[in-house]
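Thank you all for making time this morning. I would like to walk slowly through one structure, so please have the picture open while I talk.

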Amino acid sequence: MEEMKKRKGIEGIKGIEGILYRLNPFDRYHPLLAMVLLAATAAAAEPPRNFFEGGAFESWDEASGMPTATKWRWSLPKEPFAAMERSTEEKHGGASSLHLKDGSTARENQTLGHVVGKDELKKLCGKRVEVTAWVKQVVASDPKVVGIGLWGRTEGGAKISAHDWTGTTLPTDWRQLRATMLVPEDATLLIVQLCCANGWGDTGEAFFDDVVLSILPERDETAAAAAAPAPATPEEAFRGFFENQPAVVTDPWTRPTIERGCFWEDGRPVFFLGPWIYPRTHIDWKEGNPDPQGIGHPAYVEAPGRAIFQSMGFNASQLSAAWSVPGQALYGLGLPDDWQKADERIGAFFPRFEGQPMVVDFAFGFADALRKADPVLARELEQQNGSWHQFLPFCPEESPGLRYYEAYLKGGARSTLRGGANVFVWELFNEPVYKCMCRGNAARFAARMEKRYGTIERANAAWQTAFEDFAVVARQTEFQQFPRLWPDYMKFMGERYAEVLETCKGFVREVDARPNVYFAEQSSTFTLTDARGAGMDYRLVARALDVLAYEGGVRFGHGAAKADAAEAEAAAFKSTVEHLFNLDFYRAVARGAKPIVNDEHYCTRVEDGKRVPSRKEDIVTSLWTEVFHGSAGSFTYSWDKRSWEWKTLDEARRVVETPSYKSASLLNPWNYPPEALDGFAQFRDELEPLRDAVLPMPRTTPASVAVFFSYPTLRMLDVDKFDFRARLLRWYGAVLGAHYPLRIVFEEDLLAGLPDGVKALVVPVARYATPESASAVGRFAARGGTVVADADAFLRDERGDPLPESSAEILRLDAGSPDSVPALLDALAASGARRDAVLERDGEPGGLCDIQVIDRGDTLFLLLVDMGAREPQAGLLQWNVGREGRYRLSDAATGRAIPNGDAATWTAADLARGIPVTVNPQERLLLRLDADKQP
């Protein structure tokens, strides 16, 4: 018995609580309810009446083909069941049970209904009724398709319902399900439902037995409350709080709205700026001695909160992570020894922020507690995918795994809101990798493929396989062994991940029903261009979520990057080109409608492989770069000292000099000298007078060059490994560094037709492509567009079959070679693609120089960041405004006017000839151009 309870993840639940759990495995830890039920049962003089005729299925009426001769009671689906019969092979009690099977993926709910008679219904109206049934599931295409329920209508036409589900797609033993409802006084219809496949397109098979529909005993609430003892332990009271609280529907705080791809407050666009923080103060700001080194900067003295953050220029923060212990309690696990002390600290932490907006993620759950309590269950829940990330330790596809996330999301959200936090974005998953080949997903995939292909013969022809039927497909565990099937599975994975996000949003909304609350997930740096992330289609993620979150930052300094950085360190040490690509990718999938936010911003400076102190100018430059590439907010990693690792400045240097994630801690004085922290307030002060003009989307000028991103090719990296990322970033970086306004495009953009302003299409990698996208490329070339593509682009379809040879004029180069870049740039120059501005200087640039322009009509802004130069360089900035007129030029950061020699204004021709500038290495040059309105 103890082993069985451990396998269910409820170690420590004994006696009546264990019995209650077996009655309903989804009701967790209800000792008081159990006592009330026992008392009510003891008080009942007779067993309650069963209003379900023939619920034991001990007979079958052959004439009607129904479980009983009372034919009017039974409500059948339009699509016949594959099987509806009495079974003597499987039974819970007695000699037989009811067997239901649905194999159709039609748009139909395969549910058998038992109609309650009018006279019986009168006895149920105004009563709390319950239907229970024992169910043994054979298979289900979704965790919520096999179950039982009550459904009906009132006199006014309102629908009423209550259901309980098996909660898994896998076979089960006999288990009792129960659904409870208060039947309205004016109910006119009530049907008991035995659900075989409740959901359009879903399939299932199960046995049902011993169905009981009864009136629950009336409860004397006052007597029950008086008789019920207080919770025996603080742990029970803690657990009960998180189980029983209603959703939060209002609070005293305000939250931003989302308009035109950014956040708005009080009718103005706002950029959310803050640090990435932990929900604690007692380690780095010890009471009585928060600054033992005497550094003196307020950030070292005062613990995180609204006051210190406002003084630093912060208007928000990103919390990592929601407290996991409440979820641990909801899941039914024992609590850690120090949970009460931690609860006190959490309770004292959030009031410090006084309603300042906060992003909260769910990165750190209670996986270790579950592994300790039930190592067998924990191993079963681990996702069937070697690249599964530690922040998503278990597969959410099956009931126990999904309940893990449900418990963490609900418990963590409730804990955060209990403390008064003004959360405006919930980050559901942190750095996810989603590519699960568990049994449930295999079954879902098989069902969807049956719906898509219709017959196994058509599927085999497409996949070049020899599956006997789709049931055999559902039993596979290594789909990548079938290369032609793999694209279908990876598309399915993208759909499933978006569906899981929708489900998890629903969990949080059961706790947080406040208005203007948004949802995100934060991708890892490698997700977009690596086989590990190919199971997530961020076009679908963008549809499912309100906010798109990413990580990383511009990397300052010179010398070789840390190529072998561990995964936990990767975000801090990716190249600037890759970070800007990720920003532009997100800008593309957001399509100007949804904010993109850096939930884990890194601003590190590395010289020849060694971490050196960052500068105030690094922070300012990095944040302006984020803005011009589309960001609506940035939370810099991380507001901590890691003070247990160092006591002196020399110790602080040794802790972080070899680059790691520790090298990004904002309050290590070697990483960021205290004066560097003033960069946040400087950026805020520079942005404040410009935000109305700068922040709304779209920001930068329309693209003249499109860079194609091939999801079909990314999906095939598991079966055809090659340098996808290197090819993509090489040509993207070349276009960016040559100062062409660019846009990332996908298959759907090609099919819709690229805008007339796009003169060139660059295809760094498209080894696999849809025939439709290949044809669209031909149409673009036929209209006069320049196409530069990798040598093997658009030659194979998604499964690797040759595509028809195109007559389109395509310049084919080897994107795998750096030698391809000069020819690429020559082709762009010949295409007539627009460049808003170009920097001309003596000598060759040493690396990426990024130029971005925002054009608001009478006012334009230009950002120039030269990441390659080591010394200040003089040059001419040739700015092509595209229209005549006279303009006043100024430094947008300081407001200082920049005269044109002896003249106060510049003509369009003057600007095109060049503005003399001095470019400081890796520092932003921010210019403003205003049309001169004087006659």
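Predicted model: local features only at pLDDT ≥ 70, side-chain atom pairs only at ≥ 80, totals over all residues.

**A walk through the model**

Let me begin with arginine 260, which lies in the loop between the strands β11 (257–259) and β12 (262–265); helices (H or I, at least four residues) and strands (E, at least two) are DSSP runs, numbered from the N terminus. Residues are numbered from 1 along each chain as its sequence is written, and side-chain values use heavy atoms, with hydrogens and water left out.

Arginine 260 has a positive phi of about 50 degrees although it is not a glycine. With a relative accessible area of 48%, arginine 260 is partly exposed, where buried means under 20% relative accessible area, exposed means over 50%, and partly exposed is in between, using a 1.4 Å probe and protein chains only. Asparagine 516 also has a positive phi, of about 55 degrees, although it is not a glycine. Asparagine 516 is found in the loop between α17 (486–509) and β18 (518–522), and at 31% relative accessibility it counts as partly exposed.

Now for two peptide bonds. The one from serine 320 to alanine 321 is cis, with omega near 10 degrees, and alanine 321 lies in the loop between β15 (317–319) and α9 (325–331). The bond from methionine 697 to proline 698 is cis as well, with omega near -5 degrees, and proline 698 lies in the loop between α24 and β24.

Is histidine 297 buried or exposed? At 12% relative accessibility, histidine 297 counts as buried, and its place is in the loop between β14 and α7 (298–301). Leaving aside neighbours within four places in sequence, histidine 297 is in contact with Met312, Pro674, Leu677 and Asp678, where contact means heavy atoms within 4.5 Å. Alanine 367, in helix α11 (residues 367–373), is buried too, with a relative accessible area of 9%. Not counting residues up to four places away in sequence, alanine 367 touches Pro393, Phe394 and Tyr404.

Let us turn to helices. In helix α23 (residues 679–687), the residues Gly679, Phe680, Ala681, Phe683, Glu686 and Leu687 are buried, and what covers them includes β14 (272–277), α8 (306–312), α21 (616–628), β23 (631–637) and α24 (691–694).

At what angle do α20 and α26 pack? Helix α20 (residues 576–590) and helix α26 (residues 724–737) pack at an angle of about 85 degrees, with their axes 10 Å apart; axes are lines fitted to C-alpha atoms, for helices over the stretch in contact, and angles run from 0 to 180 degrees between N-to-C directions. That makes α20 roughly perpendicular to α26, since angles under 35 degrees count as roughly parallel, over 145 as roughly antiparallel, 65 to 115 as roughly perpendicular and the rest as oblique. From α20, Val577, Glu578, Leu580, Phe581 and Asp584 meet Arg725, Leu728, Leu729, Tyr732, Gly733 and Leu736 of α26. The residues of this contact divide into 7 nonpolar, 1 polar and 3 charged, where Ala, Val, Leu, Ile, Met, Phe, Trp, Tyr, Cys and Pro count as nonpolar, Asp, Glu, Lys and Arg as charged, and the others, Gly among them, as polar.

Last come the aromatic rings. Rings of Phe, Tyr and Trp (its six-membered ring) pair if their centres lie within 6.5 Å, and planes under 30 degrees apart count as stacked, over 60 as edge-to-face and the rest as tilted. By this rule the count comes to 57 aromatic pairs. The rings of tryptophan 463 and phenylalanine 467 have centres 6.1 Å apart and planes at 80 degrees, so this pair is edge-to-face, and both residues are buried. Phenylalanine 708 and phenylalanine 794 form a tilted pair, 5.7 Å centre to centre with 40 degrees between the planes. That pair links distant parts of the chain, 86 residues apart, with phenylalanine 708 in strand β24 (residues 705–708) and phenylalanine 794 in the loop between β27 (786–790) and β28 (811–813). Finally, one aromatic cluster is formed by Tyr538, Tyr550, Phe581, Phe585, Tyr586, Phe709, Tyr711, Phe724, Tyr732 and Phe746.
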